[in-house]
Amino acid sequence: MAQLFTKDTQAIFWNNNSTAIQRMLDYDYTIKREKPSVAAIVAPTASGKFEKFFWGPDEVMIPTYKNTTEAKAAQPQADVLLNFASFRTAYDVTMEALEIGGFKTIMITAEGIPERLARKMNQTARDAGVVVIGPATVGGIAPGAFKIANVGGTIENIVNSKLHRTGSCGLVTRSGGLFNELSNIIAINADGIAEGVAIGGDRFVGSVFIDNLLRMQDNPDVKYMILLGEVGGTEEYKVIEAVKSGKITKPIIAWCIGTIAKYYDSGVQFGHAGASANGDMETAEAKNKAMAEAGIHVPATFNDLPAKIKEVYESLNIAPIPEPEMNVVPKVRRSKQFICTISDDRGEEATYAGFPISSVALPSTGKGIGDVISLLWFKKQYPKWATDFIETVIKTVADHGPAVSGAHNAKVTARAGKSVVESLVTGLLTIGPRFGGAIDGAAEHFKYADDNGLTPAEFLNHMKKQGIPIPGIGHRIKSLKNPDLRVKGLMDFAAENFPKTPLLDYARTVEALTTSKKENLILNVDGTIGILMVDMWRALGYPEEEINEFIASGTLNAFFIAGRTIGFIGHVLDEKRLAMPMYRHPMDDILYDVQKAEEI
């Protein structure tokens with residue numbers, strides 16, 4: 001893996017650190033990435049399904065998930081995990097990600113992970129071929145492609161440090177703060193960096209100096225490398241051996257900070273957990289001397305580092321790097337109050353879920369109202385058998401005569417002189433648990449029984465204990481001997497067009513038991529629609545949890561509303577066409593039971 005990140009790299013961000021995420025997205029916008037570098041956020045305590053962030057002057061929605069498993073399943077292309085969990089949780093989050101698989105790089109910001117756990121975590125990652133940056137790190141960057149969280153600081157500092165485009169230097173440090181400082185020094189004295197990683201300040205980190213330098217050795221964009229080590233540890237000696245053996249041939253400039261440590265008693269820790277010399281070899285002075293003896297470019301002091309960078313860079317005669325065009329992040333931005341994910345009317349032609357209206361609406365397209373519903377309700381283009389089924393449902397439920405509550409209300413309101421809209425609304429307001437609600441209920445309860453493996457008898461007992469009549473079962477007029485042709489039509493359609501109908505098959509076994517008790521306890525039209533909708537969504541590949549959300553949000557009732565609206569309008573127009581007078585309910589159809597009031 002010569003390049004750690006590319007312009008297509010996407011990450012899953014564990015913990016909703018909104019400032020760090022926004023900085024990543026501002027960087028993406030500045031360098032003209034096509035898609036955000038953050039594909040998902042894992043926020044275990046979040047209640048919403050997404051978070052809004054700015055994308056230049058506009059906004060984007062980043063989906064949120066309760067755990068890494070869900071996030072990775074939904075965003076399989078995201079191969080970087082940015083672990084911003086606390087030190088108490090960071091180990092578990094990393095180990096879970098390694099078990100899930102599919103991650104190439106894991107960055108861990110937490111410091112203070114117990115050393116025993118850190119060593120186990122790092123070895124597990126190494127065995128799996130996963131690059132771990134950290135613990136105790138600010139991350140890394142591939143300029144012009146991808147940056148982790150707060151690396152580089154503000155956009156202004158990033159541009160000043162030439163981190164907005166690929167340079168020639170491969171930078172590896174322990175310190176995150178000095179990483180930013182060195183990036184600026186390199187920009188002033190050379191042409192910027194091609195890739196940079198701050199490996200982290202803990203004593204036991206995942207990828208060490210040699211891992212990153214060997215990768216940069218294979219990266220054609222990297223012409224030379226800079227290593228900033230520190231007092232403590234012996235990782236720099238692995239780099240020395242790689243240089244001596246010829247594994248690393250590109251020039252390396254290196255310095256270990258902490259040379260002042262020799263003036264203190266041994267064992268003094270300088271900032272990082274790993275910045276403490278436990279022997280002569282671990283002192284900064286000894287490591288600087290050994291690196292210089294191996295042919296690595298080591299300045300006399302840290303203050304001489306800029307001059308050494310300029311000297312080595314100029315000796316390589318690297319061609320000037322052209323400056324790319326950049327977007328400018330606005331200084332003032334305003335968050336949008338509304339969100340629309342189903343249609344867009346800003347272009348030359350309005351769209352339904354990305355499809356121009358003309359590609360759906362014109363007769364020559366062969367599309368129907370089912371296609372429009374699939375796009376505007378579900379943001380997907382359903383196959384023909386599914387859109388035909390939706391249209392069949394709407395046609396089936398469009399009207400059921402003038403006596404039902406909705407049609408009755410609409411007719412009475414129309415006769416009071418109200419408009420089509422006002423009359424329609426009074427009819428729609430009657431739709432609910434007792435009128436149309438059996439579609440939702442049948443889907444919910446039959447799916448629950450099927451999901452939990454209940455036999456028909458167990459299902460009946462379950463509903464009896466709940467004190468709920470089985471939704472979708474029973475008809476006032478229709479029975480086994482007088483079947484509902486609407487139900488037969490829906491079932492015939494499903495048998496001919498659906499890939500399979502497992503929930504309907506289950507419901508038929510329940511119907512066999514209920515009709516053995518009473519002939520009119522048949523599967524009615526509402527039940528058939530609700531059950532077949534579940535079978536449709538399953539056949540279309542929706543996960544069970546999403547189907548449950550459809551049911552809970554009233555999506556099934558929406559089909560009844562859409563269809564019955566046609567019928568209600570028909571009744572309203574019928575009343576107006578007939579010029580019917582104001583309606584008054586006949587008194588002989590009212591039971592009056594008014595007692596004489598008592599005197600007080």
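User: How does α20 pass α21, in a left-handed or a right-handed crossing?

Analyst: Happy to start there: this is a predicted model, where local features need pLDDT of at least 70 and side-chain atom pairs count only at pLDDT 80 or more, while totals for chains, interfaces and linings use all residues. Residues are numbered from 1 along each chain as its sequence is written, and side-chain values use heavy atoms, without hydrogens and water. A crossing is left-handed if the near helix is turned anticlockwise from the far one by less than a right angle, and right-handed if clockwise. For α20 and α21, the crossing is right-handed.

User: At what angle do α20 and α21 pack?

Analyst: Helix α20 spans residues 525-539 and helix α21 residues 544-552 (DSSP runs of H or I, at least four residues; strands are E, at least two, all numbered from the N terminus). Their axes (lines fitted to C-alpha atoms, for helices over the stretch in contact, with angles from 0 to 180 degrees between N-to-C directions) lie 10 Å apart. The packing angle is about 145°.

User: Which residues in α21 do Val534, Trp537 and Arg538 meet?

Analyst: Contact here means heavy atoms within 4.5 Å. On the α20 side stand Val534, Trp537 and Arg538. Their partners in α21 are Glu544, Ile547, Phe550 and Ile551.

User: Which strands stand at the edges of the open sheet?

Analyst: Seven strands line up as β3-β4-β2-β1-β5-β6-β7, with mixed pairing (two strands pair if DSSP finds at least two bridges between them). Two of these strands have a single partner each, so one side of each lacks a neighbour in the sheet. Those edge strands are β3 (50-55) and β7 (131-133).

User: Which residue stands opposite Glu51?

Analyst: β3 pairs with β4 (residues 58-65) in the antiparallel sense over six bridges. In β4, the residue opposite Glu51 is Ile62.

User: What do the buried residues of α3 pack against?

Analyst: Helix α3 covers residues 90-100, and its buried residues (under 20% relative accessible area with a 1.4 Å probe, protein chains only; exposed is over 50%, partly exposed in between) include Tyr91, Val93 and Leu98. After the helix comes Gly101, with a positive phi near 85°. The buried side of the story is that these α3 residues pack against β1 (11-14), β5 (80-83), β6 (105-108) and α4 (115-127).
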